[in-house]
Amino acid sequence: MRANRVTDRLILLDSNICIYILQNASGPEVAQLSNRNKEDVAVSVISYAEVMLGLTRAPSDQLWAAEQLFMRAGVRNFTSEAAHIYATLPFRRNSFDRLIAAHALSLGAAIATNNPRDFADIPGLVTEDWTIWPA
């Protein structure tokens, strides 16, 4: 199931949306985040790890901005339920997207991403493209 705007469920931010938010404070992704209640948006610990890896040599102001984003959205831990769901998904080698998708399904969440095609083959997963504003 795909949707342009999901308002009745938790939104899990894909790593690429986190990066867009950090790179462009006036982008559509920031507007999307601003229009959501804090409790309606989260980041998977998988996305958190991906983003933080990319910032290992970043200046302190970029690290501070990332931590502000993660405090705003809240980082959710990957659970054993998510691991069981992950084991049922179509396999793709070296894809963190599968872990993020399993995490979203375990939370009953949709995924905000700029690349819904990465998740198109996952049954029951809802995505939103936050690079389009208004959605």
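Start by selecting strands S1 and S4 (residues 110-113): the two run parallel, joined by 3 bridges. Strands here are DSSP runs of type E with at least two residues, helices are runs of type H or I with at least four, and both are numbered from the N terminus. Two strands pair if DSSP finds at least two bridges between them.

**Before you go on**

This is a predicted model: local features need pLDDT of at least 70, side-chain atom pairs count only at pLDDT 80 or more, and totals for chains, interfaces and linings use all residues. Residues are numbered from 1 along each chain as its sequence is written, and side-chain values use heavy atoms, with hydrogens and water left out.

**Stop 1**

Select Ile11 and look across to S4: Ala110 stands opposite. Now select Leu12. Its opposite residue in S4 is Ile111.

**Stop 2: S1 against S2**

Turn to the strand S2. Strand S1 (residues 11-13) and S2 run parallel, with 3 bridges between them. Select Leu13: the bridge partner in S2 is Val43.

Now show the side chains of S2 (residues 41-44). Which residues point one way, and which the other? Val41 and Val43 share one direction, while Ala42 and Ser44 take the other. All of them are buried. Buried means under 20% relative accessible area, exposed means over 50%, and partly exposed is in between (1.4 Å probe, protein chains only). In a regular strand the side chains alternate between the two faces of the sheet.

**Stop 3: out to S3**

Select strand S3 (residues 75-76). S3 and S2 are joined by 2 bridges and run parallel. Click on Ser44, and find its bridge partner in S3, Arg76.

**Stop 4: across to S5**

Go back to S4 and show its side chains. Ala110 and Ala112 point one way, Ile111 and Thr113 the other way, and all are buried. S4 and S5 run parallel, with 3 bridges joining them. Select Ala112: Glu128 in S5 stands opposite.

**Stop 5: the whole sheet**

Select the strands together. What is their order? They form an open sheet of 5 strands, ordered S3-S2-S1-S4-S5, with parallel pairing. S3 and strand S5 (127-129) stand at the edges, each with a single partner strand, so one side of each has no neighbour in the sheet. Strands of a sheet pair through backbone hydrogen bonds, either parallel or antiparallel.

**Stop 6: Thr113**

Select Thr113, in strand S4. Is Thr113 buried or exposed? Thr113 is buried, with a relative accessible area of 0%. Now show its contacts, meaning heavy atoms within 4.5 Å. Not counting residues up to four places away in sequence, Thr113 touches Asp14, Asn16, Ile17, Phe119, Thr127, Glu128, Asp129 and Trp130. Draw a distance from Thr113 to Glu128. They are 15 residues apart in sequence and 6.1 Å apart in space, C-alpha to C-alpha.

**Stop 7: helix H3**

Select Ser47, found in helix H3. Ser47 is buried, with a relative accessible area of 0%. Leaving out residues up to four places away in sequence, Ser47 touches Leu13, Asp14, Ser15 and Ile100.

Step to Tyr48, also placed in helix H3 (residues 45-54). Tyr48 is partly exposed, at a relative accessible area of 26%. Beyond four places away in sequence, Tyr48 touches Val43, Glu67, Phe70 and Val75. Draw one more distance, from Tyr48 to Val30. The two are 18 residues apart in sequence and 17 Å apart in space, C-alpha to C-alpha.

**Stop 8: zoom out**

Show the whole protein. How many helices and strands does the protein have? There are 6 helices and 5 strands. Follow them along the sequence, and the pattern is β-α-α-β-α-α-β-α-α-β-β.

Along its principal axes, the trace spans about 40 × 30 × 25 Å. Of the 135 residues, 42% count as buried. Now look at the contacts between residues at least 6 apart in sequence: 71% join residues at least 24 apart.

Finish with the charges. Colour the 12 positive and 14 negative side chains; the centres of the two sets lie 3 Å apart. Lys and Arg count as positive and Asp and Glu as negative, while His and the chain ends are not counted. The place of a charge is taken as NZ of Lys, CZ of Arg, CG of Asp or CD of Glu.
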